[in-house]
Amino acid sequence: MAKAPQTDAPSVENEKGSIKEPVSEFSKKVRHIDNAEGSAKLANPLTGIPHDQLVQDAADFAKLHGLDRFEQEFRKGALVAQDPAAFETLADLDEDDKAVLRRESTHRWAQPKQLYYLVILCSLSAAVQGMDESVISGANLFFPDDFGIPQTGPNASNNQWLLGLVNGAPYLCCGLIGCWLSAPLNKYLGRRGTIFVSAFVSFITCVWQGLTNTWWHLFIARFILGFGIGPKSSTVPVYAAECAPPVIRGALVMMWSVQLWTAFGIMFGNVMSVAFYHVKSSHVKGLNWRLMLGSAGVPALVVMSQVYFCPESPRWLMGKGRYDKAFESLLRLRETPLQAARDLYYIHVLLEAEVEIQSGRNLFLELFTVPRNRRATLASTIVMFMQQFCGVNVIAYYSSNIFTQAGATQIEALLASWGTGMINWLMAFPAVLTIDTFGRRNLLLTTFPLMAIFLLLTGGGFWIPNTGHARIAVVALGIYLFECAYSPGEGPVPFTYSAEAFPLYVRDVGMAYATSVLWFFNFLVAFTFPRLLGAFQPQGAFGWYAAWNAIGFVLVLLFLPETKALSLEELDQVFSVPTHIHAAYQIKALPHNIRKYIFRQQVDDLPPLYKHEGTIGEQQRTVGTAGHA
């Protein structure tokens with residue numbers, strides 16, 4: 001980690017009032033202050049330790065935890081972890097060791113099969129949620145009439161609220177209760193145990209939904225489903241982040257998010273809706289929609305049967321003092337014992353450093369009282385809130401209703417809904433490449449304006465007279481273009497960003513908070529949209545969410561630091577910059593970037609906000625090997 005440059009510039013106190021920082025030359029309001037005391041301890045706890053002492057400490061660590069036969073690997077690993085970019089200069093490493101570390105940077109996707117098996121499991125966990133989102137869209141065409149809550153007629157207003165309540169039930173549970181069960185479940189059952197229990201609940205409740213006989217019975221079943229979705233949604237991204245090397249962490253964590261495999265679940269759920277549309281039975285009323293809802297439990301059954309074949313999170317095992325088991329996990333998740341020893345030792349010293357900076361025992365309050373945590377909480381709240389209020393789940397839950405209102409038949413509406421799921425999934429693949437290169441922040445700033453425009457196009461399509469195919473064509477075009485913009489932006493970023501934003505000691509609580517925000521506002525969207533559609537008409541409803549996308553652009557611009565390709569200890573430095581200074585810098589950078597990247601003008605580069613950057617937007621670090629999640 002680069003040390004702060006010496007400067008004769010005047011100093012000012014940061015918002016904690018204890019650390020003095022030099023004022024940058026280009027503005028007294030935009031300063032380098034990413035070396036606050038707490039974050040300095042976390043930048044790299046091994047920095048400054050003499051090599052002889054570091055090697056001896058690593059050897060003692062190996063002996064203390066019964067890893068004597070890997071003592072040599074721990075000696076080398078500690079030296080590499082101290083300065084990952086300088087491994088070529090280490091005399092203790094032989095040429096084979098250096099070749100392994102070179103390949104780690106140049107072939108970032110050359111990872112053990114066990115890591116990819118774990119990713120597949122996380123993907124299936126995501127598909128459970130995705131399928132539920134889309135099969136309920138198909139079921140919405142049938143169960144309201146079967147349960148006596150038709151969406152038209154004299155009681156339409158009341159029935160629209162009831163439909164929203166039923167659809168949003170899992171997410172009401174997630175926001176109020178389910179996500180908060182994540183911390184105790186993870187504490188006692190581990191990452192794998194929590195995923196197993198939540199998958200079991202998801203499977204049982206998906207089957208239960210297909211056996212209900214009243215709207216309130218379906219509401220109860222879907223509410224209990226939230227106990228499966230909530231803990232799983234906050235555990236799986238953390239599990240993936242803690243097992244993945246930083247160079248591909250973002251791409252792997254996004255496997256959980258709505259891209260790739262929640263999107264696949266949405267698409268596959270649309271397929272199930274089409275497949276079961278014509279299924280009828282003289283003995284079972286509404287067999288088609290019952291099979292639609294029950295089919296979402298199949299991926300959960302697969303997850304239950306496979307999760308214990310994956311290694312447990314090394315960080316969780318170390319938190320329980322089971323260092324030997326943690327090393328066994330890393331041996332399965334890394335190519336060589338050297339990489340496993342390096343990561344285990346670095347995790348150990350980083351955990352010790354984080355314990356030192358804890359300011360109290362109430363971890364939830366520390367999300368808001370510790371400045372570094374508060375900024376991560378604000379940023380995570382913004383991305384989670386905006387994932388719902390960008391309007392995507394309006395389409396996921398109610399696309400069939402939207403297309404029928406645009407003039408399509410029921411089967412045409414289901415096929416059109418399948419198109420939204422397919423586009424959502426296919427457009428997620430570019431995000432695998434861009435999330436760790438183009439960056440989380442840049443993806444959001446690029447896609448929010450596009451989503452606003454396409455939602456306005458969708459709503460405007462409803463002004464076209466329903467006399468031919470023009471209305472449905474424009475509405476479908478707007479929705480499909482919206483999905484194209486959403487999939488690489490607000491789709492993958494929220495879970496990826498939140499899973500890495502919080503420091504280790506509050507990560508479980510922070511992720512539980514972030515996912516509870518997401519699911520609570522998910523419930524509000526699902527609950528209110530049927531009535532919003534009835535009261536505002538489609539033009540007003542889609543205009544409402546288009547306005548929120550414009551607001552989202554401003555929130556991201558001012559309050560969301562970039563986190564791409566940073567090791568987790570560097571993230572502590574990023575979030576040490578006070579919010580008002582970050583916002584001031586971005587206000588200055590916006591016209592600069594518009595002139596440079598849109599109008600292609602020759603402009604001078606702005607000084608960087610963070611010391612690990614060169615000119616604005618150009619990082620000056622080697623893709624790291626330490627500080628793994």
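Visitor: Among contacts between residues at least 6 apart in sequence, what share join residues at least 24 apart?
Guide: 77% of them. Keep in mind that this is a predicted model.

Visitor: What's the secondary structure count?
Guide: The protein has 27 helices and 2 strands.

Visitor: And what fraction of the residues count as buried?
Guide: 60% of the 629 residues.

Visitor: Switching to charges. How many salt bridges are there?
Guide: The structure has 13.

Visitor: Which residue pairs with glutamate 242?
Guide: Arginine 191, in a salt bridge whose closest N and O atoms are 2.8 Å apart.

Visitor: Is glutamate 242 buried or exposed?
Guide: Glutamate 242 counts as buried, at 4% relative accessibility. Arginine 191 is buried too, with a relative accessible area of 4%.

Visitor: What does arginine 440 meet in a salt bridge?
Guide: The side chain of glutamate 500, at 2.9 Å from N to O. Arginine 440 belongs to helix α22 (residues 440-461) and glutamate 500 to helix α24 (residues 493-501), so this bridge ties together parts 60 residues apart in sequence.

Visitor: How accessible are arginine 440 and glutamate 500?
Guide: Arginine 440 has 1% relative accessibility and counts as buried. Glutamate 500 has 3% and also counts as buried.

Visitor: Now glutamate 71. Which residue does it form a salt bridge with?
Guide: Arginine 75, with the closest N and O atoms 2.9 Å apart. Both residues lie in helix α3, which spans residues 71-82. They are 4 residues apart, about one turn of the helix.

Visitor: Why does glutamate 71 count as buried?
Guide: Because its relative accessible area is 17%, and buried means under 20%. Arginine 75 has 24%, so it is partly exposed.

Visitor: Which residues are linked in a network of salt bridges?
Guide: Glu104, Arg334, Arg342 and Asp343.

Visitor: On to packing. Which residues of helix α13 are buried?
Guide: Helix α13 runs over residues 298-306, and its buried residues are Pro299, Ala300, Val303 and Met304. These cover an arc of only 145° around the axis, so they sit on the same side of α13.

Visitor: What covers the buried residues of α13?
Guide: The cover includes α5 (113-139), α8 and α12 (287-295). Helix α8 is also where arginine 191 lies.

Visitor: Last topic, the surface. Which residues form a nonpolar patch there?
Guide: Trp180, Phe364, Leu365 and Phe368 do. Together they have about 350 Å² of accessible area.

Visitor: Where is leucine 365 found?
Guide: In helix α17, residues 363-369. Leucine 365 has a relative accessible area of 46%, so it is partly exposed. The cut-off for exposed is over 50%.

Terms used:
Residues are numbered from 1 along each chain as its sequence is written. This is a predicted model: local features need pLDDT of at least 70, side-chain atom pairs count only at pLDDT 80 or more; totals for chains, interfaces and linings use all residues. Side-chain values use heavy atoms; hydrogens and water are left out. A salt bridge is a side-chain nitrogen of Lys or Arg within 4 Å of a carboxyl oxygen of Asp or Glu. Buried means under 20% relative accessible area, exposed over 50%, partly exposed in between (1.4 Å probe, protein chains only). The arc is that of the directions from the helix axis to the C-beta atoms. Contact means heavy atoms within 4.5 Å. Patches are made of residues with over 30% relative accessible area and no salt bridge: like charges are joined within 9 Å, nonpolar side chains (Val, Leu, Ile, Met, Phe, Trp, Tyr) within 5 Å. Accessible areas come from the Shrake-Rupley method with a 1.4 Å probe; for residues, only the protein chains shown count as cover.
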